[in-house]
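Welcome, and take a moment to look over the model shown here. The notes that follow walk through it topic by topic.

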Amino acid sequence: MPGCCGCWEVLRPPRYKRLVDSIFPVNPQDGLVKNNMDKLTFYAMTTSEKLDRIGMYLEQRLSRDISRHRIGFVFVAMDALDQLLVACHAHSLNLFVESFLKMVQKLLECEEPELQILATQSFIKFANIEEDTPSYHRRYDFFVSKFSVMSHNANRNDDVRSKIRGAGLLGLQGVVRKTVSDDLQVNIWDPVHMDKIVPSLLFNMHTPEFMSMDTESPRDEDHPAYIAEMVFRDLVCRASYGNVKSVLQPVLCHIDNHRLWVPNDFAIKCFKVIMYSVQIQRKQQYGYLVIQMVMSHLDRHTNSDPSIKASIIEVLYESVLISAGGSVGPSVLDVFNTLLRHLKTSVDNKSPEGEKRNMEKKFEEAIINTIGEFANNLPDYQKIEIMMFIMGKFPLFGQSEDTGFMDNYLQTMLLKTLLKVATKYKTVIMNNAFPPEFLQPLLRISQLEEPGLRVVVQEILHTLLDRHDNASKLKTVSIPKDVVSELDLTLDKVPRQDSLFMKKNGNQFYWHILDNLQMESNKANNFEAIYCTMCLISIEMGGDDILVELIRLALDIQSVTVESSLPKTHKCCNHAIVAAYLNVVAQIANLSPVVQYVSDTLELRKKEAPHLLPEFAFNRSNRESSGEEEDYPNEDKVEEKWLFDQTALQELLTECGQDASRLSVPIAQRPHSSMDSAMVSSMSDIGSINIELDSIESSPLLARKKVEEITVESLKKMLAEDQSVKREEEARTRQEILERFQNAPFEEIVARAEAKSNRFHDKLYEILELSPPSSPDHTKENQSAVPVFEMQFPSLYVY
């Protein structure tokens, strides 16, 4: 009998199997046998080497229950597995995990939705466990593929479909969470995985529920769209600097493949999610990578439909708005160069007027707005550099003569871009806002033939000059009795730096204002824009030091207008501008005698010459192009009493304590710029210079001296006479220079020096123009090189 008991003991199953069998109830609805489950857990924790065998035995039972469709026992087995996973953290857990993952895989391969959901829930619990030891051989390819398929489930039952899709999305999140923190496991950022994960998320996000999530309506947190957004945010947040592109590339491809750029509501919403997510945990610098990816994608769509390009630019614009300064990145000029290149490509696309052309215009406007928003994220000094960079896109300032003039429409787009950037700049000191490299090209653009372009240039000047928001109040030419109160102008003391800036650069502003007012293509809005510029200069930089120059500008405009052959409308506008401008300058400078004199002259004009006042001159119905010539007086001559008298103003300014001597000195010379050399017309022909050297006998005086006897005494006498004449000439020249520098105005000294420099530059230019090349071969070799005489050299300054 004892021998039989010993044999029976050998045939008994191992203890771990008995413990596993004991956790299963007779009726699966009762769930796990809790007491026996506690015994199994304690046994697994104390004898960790048995974990792998426990897992294998549970796997066998689970497979048997699945094949027999005993679903209740399947739930019991998975519950036991979950509890063991949470309780055990031994070094041998890896072997148990392999059995666990095989059981999860078998459940996922079942067709029953409840088993797929059960497997996903178990996998999510496993994903939340932090393992002590790495696993080198574990792979998750099957789970990525299976969860992606579940995310696209098309079950006819809405409730079942929603649950399966939600489970698949959470499963993908579990895979990412399990692998992203362990470098020794599979690289989840590989395209083979991201090309499945990201489209699955976007597929579930592209629903009306997702698009309406920003509204105040309550969210259904179990809806696949909400789950997909949550998982997508988590995915982007977990991406390191080098892996952000791995997420973005599938996003762009998905939008391309499903043609979701037009309309672009979904694309904008997706990139808002991305931009907000990359900034979490101090990842603001990652925003530049997103911007860079979108811009690179725009490059690939250069030849696409303009509606698609416009939508991409709008996505870029919205992304920049969120980036909060981190969108431009290290390569500032490269960003603007890319956008300007697309702008030029769009303008060069001469598509006929119609829907496509309208879409191109929408695309161009979107680029301009995006450039402005980019510039808004830059420091002020870089905004000026960007404006200079944009002006460099005008071939007018290039070195090559073959580029020709640009299309007016492209010039308009570039100027609008320049204006958009200028609106983002906050002027503090004029010297910083108008460096010479920026001021000279900007003023030169103001002389373009197209009147509409000149208006945009004046608006750029308004934006940069106006520090107190007065520009909008000066758009209309008018003559109020009290300028400050009626126009609600904001005045402030002129900083000394601005006064010095105006002393140095005032002539450039004055000359370009004069030139602009003499253009016959001007329209009413051109005159109004120039008037606004003049008033802003007076308000922002019109200190006592340059007050006389401001009044002198008005007198110069009046004088040039009287002597010009401009149309009557233009002359009337110029005279009206002078009157309104003098009224503003006199009142803001508080020159009471000048204010009274201006008022008396205006009263006289109201009675005898109302056509010289703004009410008539800027009445749009009085334009000569409309053929209403009878509205103007028949007399072409403007009487002296209707004009502002220089002598009277000089006396009144002296009475006010101003140095009015400079009022009689007109602007003597156009400011010289190295860019003007290409536009200077030759005033003399160097070929006509013919110097003939006659023989000594042809001069009677020399002939007579030749026959005289040359002695040492005669030579001394001649040398003494020459030296005395030379000394007298040098003394007279020194005295003239001394008196000029002591008494002459500073502007006159500068004008003389600039005139001398201009003559030298012009003559040198003519000589080099007419000089033949050294050899044909040399000319061929240097055709692509910049000619020496076209190089821009630094200007000479005289102080």
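Cysteine 573 is buried in this predicted model, because its relative accessibility is 0% and buried means under 20%. The cysteine sulfur closest to that of cysteine 573 belongs to cysteine 572, at 7.1 Å, which is too far for a bond. Here is a friendly tour of that spot and of several others.

**Cysteines**

- Cysteine 572 is buried too, with a relative accessible area of 5%.
- A disulfide is a covalent bond between the sulfur atoms of two cysteines.
- How many disulfides does the model have by this rule? The count comes to zero.

**The chain as a whole**

- The chain has 35 helices and zero strands.
- Of its 799 residues, 46% count as buried.
- If you take the contacts between residues at least 6 apart in sequence, 75% of them join residues at least 24 apart.

**The largest nonpolar core**

- In soluble globular proteins, nonpolar side chains tend to be buried together.
- The largest nonpolar core here has 215 residues, and Phe232, Phe271 and Phe434 are the ones with the most contacts inside it.

**Valine 578 in helix α28**

- Valine 578 is found in helix α28.
- With a relative accessible area of 1%, valine 578 is buried, because the cut-off for buried is under 20%.
- Not counting residues up to four places away in sequence, valine 578 touches Ala554, Ile557, Gln558 and Phe644.
- Leucine 555 is 23 residues from valine 578 along the chain, and their C-alpha atoms are separated by 7.7 Å.

**Phenylalanine 434 and its surroundings**

- Is phenylalanine 434 buried or exposed? It counts as buried, at 1% relative accessibility.
- Leaving aside neighbours within four places in sequence, phenylalanine 434 is in contact with Leu439, Leu442, Leu461, Leu464, Leu465 and Phe501.

**Aromatic pairs**

- A pair of aromatic rings is described by the distance of the centres and the angle of the planes.
- By this rule, the count of aromatic pairs comes to 17.
- One of them is the stacked pair of phenylalanine 434 and phenylalanine 501, with 6.2 Å from centre to centre and 25° between the planes.
- That pair links distant parts of the chain, 67 residues apart: phenylalanine 434 is in the loop between α21 (430-433) and α22 (436-445), while phenylalanine 501 is in helix α25 (residues 496-517).
- Phenylalanine 501 also pairs with phenylalanine 509, and this pair is edge-to-face, at 6.4 Å centre to centre and 70° between the planes.
- Phenylalanine 501 and phenylalanine 509 are both buried, and phenylalanine 501 has a relative accessibility of 3%.
- Elsewhere, ring pairs link Phe100, Phe123, Phe126, Tyr140, Phe142, Phe143 and Phe147 into a cluster.

**Charges over rings**

- Arginine 61 lies over the face of phenylalanine 24, at 3.9 Å from the ring centre.
- Lysine 269 lies over the face of phenylalanine 210, and here the distance from the ring centre is 4.3 Å.

**Two buried threonines**

- Threonine 601 lies in helix α29, which covers residues 592-608.
- Threonine 601 counts as buried, at 7% relative accessibility.
- What does the side chain of threonine 601 reach? It reaches the backbone oxygen of tyrosine 597, at 3.0 Å.
- Beyond residues up to four places away in sequence, threonine 601 touches Lys641, Trp642, Leu643 and Phe644.
- Threonine 533 has its place in helix α26, residues 524-541.
- Threonine 533 is buried as well, with a relative accessible area of 2%.
- Leaving aside neighbours within four places in sequence, threonine 533 is in contact with Gln458, Leu461, His462 and Leu465.

Technical notes. Residues numbered from 1 in each chain as written. Predicted model: local features only at pLDDT ≥ 70, side-chain atom pairs only at ≥ 80, totals over all residues. Heavy atoms only, no water. Core = buried A, V, L, I, M, F, W, Y, C linked by side-chain atoms within 4.5 Å. Buried < 20%, exposed > 50% of the residue type's maximum accessible area, 1.4 Å probe, protein only. Contact = heavy atoms within 4.5 Å. Phe/Tyr/Trp six-rings, centres within 6.5 Å; stacked < 30°, edge-to-face > 60°. Helix = DSSP H or I, 4+ residues; strand = E, 2+ residues; numbered from the N terminus. Lys NZ or Arg CZ within 6 Å of the ring centre and 35° of its normal. Disulfide = S-S within 2.5 Å. Polar contact = N/O pair within 3.5 Å; in protein donor to acceptor, adjacent residues only side chain to side chain.
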